Amino acid sequence: MSKDGVAFCLGSADLIASTTAATTFMTKVVTISEIQNKSGIFSFDLSWSEIQTLKPELTGPFAQAGLKRNPAAKNAGKFFTLPEFLHFAKSSNVSGILIEIEDAPYLATRGLGLVDAVSGALVNASYDKESKQQVFIESDDSSVLSAFKKFPSFKRVLTVGTIISDASKPSVDEIKEFAHVVMVTRGSLVKVNGFFLTGFTNLVENLHAANLSVHVGPLKNEFTNFGFDYFADPMVEIATYSAALVVDGIVTEFPATATTYFRSPCSDPTKNLTYTIMAAAPGALVSMVPPGALPPALPPAPLLEPADVIDPPLPPVSVSSPPEAAPKVADSSSSPPSSSAGSSFLVATGIAAFLYSGCH
């Protein structure tokens, strides 16, 4: 949200990563620990008119490795306010929309009611009565999702950003009270050691048993993003999640690749075609690695517990004094550190496309 209360679509409240804010508003650099552990230029410190003077800045998660995404369109596009986005979606041939809400508790302390802004925009666009387009509301905050219970047709999605090995039954029981779907990172579904896939977790199976859907992502196409078992082929990774693990939806930064896969007859193993896009088989490649060549196995990821999913109630919307500007210029690097297949489970900052799979 902008300082004057305009809700608009962007992957992060920090404007440095995805806009040209660093070139004109460095005096606005602050560190806000409630949002992130590094300095930034935040949307709620700029008016909407100031934000409109900026340009989008396309960045990729592997820019430091020299893999840039479409430099010719680096500053193409425009910023959509939330009402503009909803109008655009209504006039588009899409089956639904997903709105991810972040930092609502902190924004409330700055006098900005993000939950109310999203709810109001959806009602004004008649999405509370919509039957053609499904609405997904996503957040890592249980109190935010609980606030949308008054819209029974909306699907509420809990984001679990950390890698987990499974979810305990008490945590699953808690999730069912406020969410229909759990959004997880890829590392929560596929075990990796030294860039080799070694197995699947039971998370999808256990969440499905509790009548919870599972979304996974974000997926990326850069070759440094893949475990060796995917053979640097993004469609093999998609097949692994959709056909082998049977997730209910994927979030991807390359929607054209995903839609091409799902529309291809080669994605359907029941057609018995000459060629079928097969899922990766964890353990197939690692079994051929000489002993001692792999790094030590990592300890198991933790279980998801109730304390990980239950948040305090949203604070009332009230104005408090904003933090003072940082005394020195912060690092304005516009992309996260380069990652590899073994560390590719970090969530990238940016807006990704959501595809809901009907294969489950």
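Is Arg 186 buried or exposed, and at what relative accessibility? Arg 186 counts as buried, at 2% relative accessibility. Buried means under 20% relative accessible area, exposed over 50%, and partly exposed in between (1.4 Å probe, protein chains only).

This is a predicted model: local features need pLDDT of at least 70, side-chain atom pairs count only at pLDDT 80 or more, and totals for chains, interfaces and linings use all residues. Residues are numbered from 1 along each chain as its sequence is written, and side-chain values use heavy atoms, without hydrogens and water.

**View 1. Arg 186 and Glu 237 form a salt bridge.** The N to O distance is 2.5 Å. A salt bridge is a side-chain nitrogen of Lys or Arg within 4 Å of a carboxyl oxygen of Asp or Glu. Glu 237 lies in helix α8 and Arg 186 in the loop between β7 (181-184) and β8 (190-193), so the pair ties together parts 51 residues apart in sequence. Helices (H or I, at least four residues) and strands (E, at least two) are DSSP runs, numbered from the N terminus. Glu 237 is buried, at 1% relative accessibility.

**View 2. Arg 69 meets Glu 222 in a salt bridge.** N and O are 2.7 Å apart. Arg 69 sits in the loop between α1 (48-51) and α2 (82-90), Glu 222 in the loop between β10 (213-219) and α8 (234-244). The two are 153 residues apart. Both are buried.

**View 3. Lys 169 pairs with Asp 173 in a salt bridge.** Their closest N and O atoms are 3.0 Å apart. Both residues lie in helix α6 (residues 169-175), 4 residues apart, about one turn of the helix. Lys 169 is exposed, at 60% relative accessible area. Asp 173 is partly exposed, at 34%.
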